[in-house]
Amino acid sequence: METKNKSLLIIPVTCHMCGAEHIPHLSLQRRTMEAQNNIFGVPQYIKALPGKDFCDYNLIRVTICPKCFFSSAYIDDFISESNLKKEHPEPFDKAPILRHWLEGAAKRREKMESFLENLNGEERSAKQALASYTLAICSCNEVGKLQEARNEKSRDYSGMLRSVNYMLTKAELLMAHKKSQDAKKYAKAALEKLKEIFPYLKRESSIKAGYLIGMLGLYFDSTKTVGQSLNFLREYEKNNKVRAGTDEHKALVSSLKKMTEAYQHREEYSQSQLNGFNIR
Ligand SMILES: [Zn+2]
């Protein structure tokens, strides 16, 4: 499958939930775009690198199953068809929740009514993109429930960080479109979700969440939240055995450094000083 935008690549995938095949997942090729991250780490695509086509990948990141409307920005939430011979995770159990999910397809379809024709096209309006993230958040929650139904103890809460990522991307999209009140609402929802799942997170996921909680705490001017985040990151090494050179160690060192610096310059992170979610 060819794309019009040469910075994109189509990877055909199969839906884990309902088995629909040949869904085009659009992947952004490396070294095509100049991007900068906002204070929550959400990329903003500024311009194309020389000779490349521009694409605001945040708009089209979410792949939507045209049959059951399961949606995700992460290719490993689907079965990659080029990898069919390789091992892939077990398809979800045909549990009552799955039946419930399929029954809900009509409702989710309604959200997409305005762009059913070109569900996974190379271009989306901001409105369509926002709807795609709503579906992705809903899908993420449903997968969480499925895991819970299978075996509560082995539920992987780190998957819920994806839901947080969707909320923060939604917030960024809204901010870019001058809907700052709605944008703040999603940033707040992301903070609430992080606080809810934080006690269940382990290792790198907990570092990532702890850091984000601190950044959101700065944004919402919550000294208590920022303090908890900094304490967690400072005490982490004492409370967990972290081997030097591992990804976990790198994540800890960089998160603690960034959080400490942000705290030292906290006045720059207050809502009145920021430009959207960016330092001026
Ligand atoms: Zn599906």
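Biologist: How are residues numbered, and what pLDDT do local features need?
Modeller: Residues are counted from 1 along each chain as its sequence is written. Because this is a predicted model, side-chain atom pairs count only at pLDDT 80 or more, totals for chains, interfaces and linings use all residues, and local features need pLDDT of at least 70.

Biologist: Which strands stand at the edges of the open sheet of 3 strands?
Modeller: Strands here are DSSP runs of E with at least two residues, helices are runs of H or I with at least four, and both are numbered from the N terminus. Two strands pair if DSSP finds at least two bridges between them, and in this sheet the order is 2-1-7 with antiparallel pairing. Each edge strand has a single partner, so one side of it is left without a neighbour in the sheet, and these edge strands are strand 2 (23-28) and strand 7 (78-80).

Biologist: In the hairpin of strand 3 and strand 4, which residue in the turn has a positive phi?
Modeller: Strand 3 (residues 33-37) and strand 4 (residues 43-48) pair in the antiparallel sense over 5 bridges. M33 has A48 as its bridge partner, while N37 has P43. The hairpin has 5 residues between its strands, and the residue with a positive phi, about 85°, is G41.

Biologist: How far apart are the end C-alpha atoms of helix 4?
Modeller: The expected span of a helix is 1.5 Å times one less than its number of residues. Helix 4 has 25 residues and should therefore span 36 Å, which agrees with the distance between its end C-alpha atoms, 36 Å.

Biologist: On which residue is the kink in helix 8 centred?
Modeller: The bend at a residue is the angle between axes fitted to the seven residues ending there and the seven starting there. The buried residues of helix 8 are T225, V226, S229, F232 and L233, and they pack against helix 7 (203-219) and helix 9 (247-264). The kink of about 30° in helix 8 is centred on L233.

Biologist: How many residues are in the largest nonpolar core?
Modeller: A nonpolar core is a set of buried Ala, Val, Leu, Ile, Met, Phe, Trp, Tyr and Cys residues joined through C-beta atoms within 7 Å. A171, A187, A190, L212 and M215 touch the most other members of the largest one, whose number of residues is 58.

Notes:
A residue is buried if 20 or more other C-beta atoms lie within 10 Å of its own, exposed if 12 or fewer, and partly exposed in between; C-beta atoms are placed from the backbone. Two residues are in contact if their C-beta atoms, placed from the backbone, lie within 7 Å.
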